[in-house]
Amino acid sequence: MPEEKERSSDEELQKLLKKSADVEDFPEVSLDEFTPPTDEEWKAACEALLKGAPFDKVMFTKTYEGITFDPMYTKKHTEEILPKSVMPGMGDYLRGVDATGYIGKPWGIAQACDETLPSENNELLRHENDKGSTIYHIVLDSATRAGVDARKAEHVGDIGTSVTTVDDMHTLLEGLDLGKFPLYVYAGANALPILSLVAAARRAAGEDMTKVRGIIGADPIGVLVTDGQLPASLDAYYDSMAAAARWAQTNAPHLRTVFVRSDVYSSGGANDVQEVATCLATATAYIRALCERGLTIDEAAGQIAFGFSMGANFFLQIAKLRAVRPIWAQIVKAFGGNAESQKMRIHARPALFFKTIYDPYVNMLRNTTEIFSGVVGGIDSFESAPFDEPIRKGDEFSRRIARNIQIMLQEEFGMLQPIDPAGGSWAVETLTRQMKEKIWKEFQSIEERGGVIDALRSGSIQDGIAAILAERFKKSEIRKDRIVGNNMYPNMTETLLDRREEDTAALKAQRAADIEAYLSDIDTKHRDEALAAFKAEGSVANGIEAAFVGATIAELMAAVTEGKGAETLTAIAPHRWSERFEALRKRTEDYKAEKNDNVRIFLANMGPIPQHKARADFTTGFLQVGAFEVLGNDGFKTVEEAAEAAGASGADAVVICSTDATYPEIVPALAPKLHEVLPNARVFLAGAAPKDLLETYNNAGIDQYISVKANCYEILESLQKKKGMIA
């Protein structure tokens with residue numbers, strides 16, 4: 001199937017690349033002046049730098065996928081897995097589906113356009129295109145995706161643009177060069193209504209769909225997992241999916257109508273293996289459904305595009321993209337698909353799960369690394385989300401920053417070449433192999449459970465993702481996962497960004513007026529006849545006719561779903577890794593604004609500044625995560641002075657800060673005095689107590705310890721409860 005990204009099929013080029021790979025006559029380069037270190041020598045040098053820290057604990061990092069990063073990867077350890085005979089655009093597409101990579105055509109820049117009113121979103125689409133976007137990426141609001149008339153929508157324009165009639169779609173697409181730039185629209189559970197409206201609008205403009213490229217795609221299983229329900233059976237949605245696919249084969253050969261998206265799993269906290277394997281299982285279910293409805297495997301596979309979320313672990317993101325292409329090729333091949341249909345179409349975006357509301361400008365850095373890893377991994381197109389995505393719709397500034405990151409990568413940072421830049425990397429090739437094995441194993445496990453729907457109905461997929469989410473939250477609590485600006489390094493002068501709430505009532509009134517004005521002049525008899533034909537056959541041609549003569553998106557959706565059963569299962573709720581710390585800090589800020597009070601922490605800094613500063617600074621940062629008031633000082637010479645100052649402060653808690661060497665003398669003397677002058681206060685010790693002194697410190701009155709191993713979230717929440725911030 002032809003692609004919006006014009007992939008190379010030049011056999012001569014592929015032969016030339018393969019011939020060049022066979023060349024082994026290279027000049028000798030002497031490295032005699034260097035003595036290659038042995039693994040043992042390298043490890044010894046590393047241990048010296050660690051200054052006693054255990055090598056095996058510090059230098060090996062385990063990921064949520066169950067993969068352990070080694071401290072060093074070498075050629076001799078990876079010689080057998082290097083893809084020496086595999087070239088880009090060949091074999092199982094490990095190294096990409098196009099022999100020319102981005103040299104022939106750069107990846108598509110798909111800046112999402114989500115203004116509520118069709119006319120305003122049309123202006124935004126043109127503006128984005130003028131400024132460097134190479135894809136018209138339209139984000140529909142929730143009502144439109146669900147096939148709900150804007151006049152009955154609960155929240156018009158909540159996440160995107162509102163479309164109800166062909167007039168809305170005509171306004172939205174007016175002046176767009178759809179023959180030159182691809183069109184991306186995620187349609188929700190059923191693409192038929194949106195596809196009908198787009199084709200009807202093109203017909204009204206005197207154009208057809210033959211040159212339209214891109215995606216107008218549905219993902220009914222994804223919506224079912226997101227919402228926990230569908231208003232019709234999956235078979236009904238599969239019927240519509242097949243109808244859209246058949247029509248596209250003839251009338252829109254450059255368009256894909258199935259869009260398997262991973263964001264519901266990523267936002268639920270899934271690891272990369274769970275995310276990718278579930279999407280592959282979903283796509284496999286769609287292939288079976290389409291083939292059962294008369295499509296060939298090549299036609300079915302050619303209709304599917306994938307949308308993956310790029311997460312925070314840079315090298316694993318590269319590895320997962322390189323790993324998933326061969327697996328998809330293997331799946332399609334097993335169904336009998338040809339080499340062309342085995343090529344995977346990958347769209348990607350930054351994972352919302354890893355974005356924060358506090359210190360949101362750090363999201364720019366997060367997005368940049370995620371774009372970078374996606375490009376190195378070989379995406380076909382990328383949507384760079386605005387840094388303020390967790391808070392509001394983007395504005396000119398945040399969209400420009402997001403868009404320009406991609407433009408700079410292409411035009412200034414030389415990311416259009418080389419082809420498969422990670423190819424041959426000992427580390428990446430190892431991770432790719434590990435990811436491939438784990439994804440394939442998880443995919444097989446889902447298939448063994450009866451396929452993705454049975455696995456979802458049993459709750460096994462949801463339970464697996466929930467376990468990873470709990471692990472992520474636990475590691476954020478103890479700050480093993482560092483969330484800059486949230487559980488680490490909070491900016492205490494920060495003012496939250498304005499949410500810029502839209503006037504939804506006014507927008508709904510305007511939308512209703514526009515829709516009423518258009519519908520007042522339609523031939524209702526002709527519309528009803530066209531809808532009846534559409535309901536009887538469910539073909540796109542009938543849908544286009546109904547849309548053209550005035551059927552609304554709600555009427556189009558009802559024609560193909562009404563009275564056709566329903567689906568329910570346990571939904572996967574969206575989360576963000578920082579949400580609990582954000583709620584904790586917001587609770588403090590709201591309490592402070594309402595009562596002009598706060599949790600006040602007194603630092604009992606003992607000795608001169610060099611003696612207490614390190615732990616005082618650590619403790620301050622630890623407590624400011626909760627936006628508490630930390631009362632610092634330059635230190636006290638005696639425990640009596642410290643106790644007197646602590647009592648005068650009236651603090652809710654006191655933290656003793658000094659050194660391990662001085663604690664045996666200070667703690668037994670100071671802790672009881674602190675409880676005496678502040679009987680309702682909790683007394684903490686900065687640092688972890690040695691085992692032989694733990695009982696002594698506890699008996700002296702230390703309630704808890706603030707150290708790198710402490711549970712930051714639990715300690716801060718307990719202080720809020722004691723203050724009365726939590727009922």
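Arg288 is partly exposed in this predicted model, its relative accessible area being 35%. Its side chain meets that of Glu447 in a salt bridge, with an N to O distance of 2.6 Å. Because Arg288 belongs to helix H13 (residues 272-292) and Glu447 to helix H18 (residues 426-448), the pair ties together parts that are 159 residues apart in sequence. Glu447 likewise counts as partly exposed, because its relative accessibility is 22%, and a residue is called buried under 20%.

**Salt bridges**

Side chains of opposite charge can pair when their charged atoms come close. Across the whole structure, a search finds 45 salt bridges. Three of them are listed below, each with its N to O distance.

| Salt bridge | N to O distance |
|---|---|
| Arg288 and Glu447 | 2.6 Å |
| Glu442 and Arg449 | 3.6 Å |
| Glu501 and Arg499 | 3.5 Å |

In the pair of Glu442 and Arg449, Glu442 is partly exposed with a relative accessible area of 24%, and Arg449 is partly exposed at 30% relative accessibility. In the pair of Glu501 and Arg499, Glu501 counts as exposed at 65% relative accessibility, whereas Arg499 is partly exposed with a relative accessible area of 42%. Salt bridges also link Arg95, Arg322, Asp420 and Glu429 in a network.

Strand S10 covers residues 304-310. Seven of its seven residues are buried, so the strand is largely enclosed by the rest of the structure. The cover extends to both faces: Ile304, Phe306, Phe308 and Met310 are buried on one side, and Ala305, Gly307 and Ser309 are buried on the other.

S10 runs parallel to strand S9 (residues 255-261), to which four bridges join it. Within S9, Val258 stands opposite Ile304 of S10. Five bridges join S10 to strand S11 (residues 346-350), and these two strands also run parallel. Ser309 has Arg349 in S11 as its bridge partner.

Glu370 itself lies in helix H16 (residues 362-377) and is buried, with a relative accessible area of 2%.

Asp239 is placed in helix H11 (residues 234-251). This residue is partly exposed, its relative accessible area being 42%. Between the C-alpha atoms of Asp239 and Leu290 the separation is 8.2 Å, while 51 residues separate the two along the chain.

**The sheet of strands S14 to S18**

Five strands make up an open sheet with parallel pairing, in the order S15-S14-S16-S17-S18. Strand S15 (629-631) and strand S18 (704-706) are the edge strands, each pairing on one side only. From one strand to the next, the twist averages 30°.

Ala686 stands opposite Ile706 in S18. Helix H27 (residues 639-649) lies across strand S14 (600-605), S15 and strand S16 (653-657). The helix runs at about 170° to S14.

**A nonpolar surface patch**

Val29, Leu31 and Phe34 form a nonpolar patch on the surface, and together they have about 350 Å² of accessible area. Leu31 is located in the loop between helix H1 (11-21) and helix H2 (39-50). Why does Leu31 count as exposed? Its relative accessibility is 54%, and a residue is called exposed over 50%.

Notes:
Residues are numbered from 1 along each chain as its sequence is written. This is a predicted model: local features need pLDDT of at least 70, side-chain atom pairs count only at pLDDT 80 or more; totals for chains, interfaces and linings use all residues. Side-chain values use heavy atoms; hydrogens and water are left out. Two strands pair if DSSP finds at least two bridges between them. Axes are lines fitted to C-alpha atoms, for helices over the stretch in contact, and angles run from 0 to 180 degrees between N-to-C directions. Contact means heavy atoms within 4.5 Å. Patches are made of residues with over 30% relative accessible area and no salt bridge: like charges are joined within 9 Å, nonpolar side chains (Val, Leu, Ile, Met, Phe, Trp, Tyr) within 5 Å. Accessible areas come from the Shrake-Rupley method with a 1.4 Å probe; for residues, only the protein chains shown count as cover. A salt bridge is a side-chain nitrogen of Lys or Arg within 4 Å of a carboxyl oxygen of Asp or Glu. Buried means under 20% relative accessible area, exposed over 50%, partly exposed in between (1.4 Å probe, protein chains only).
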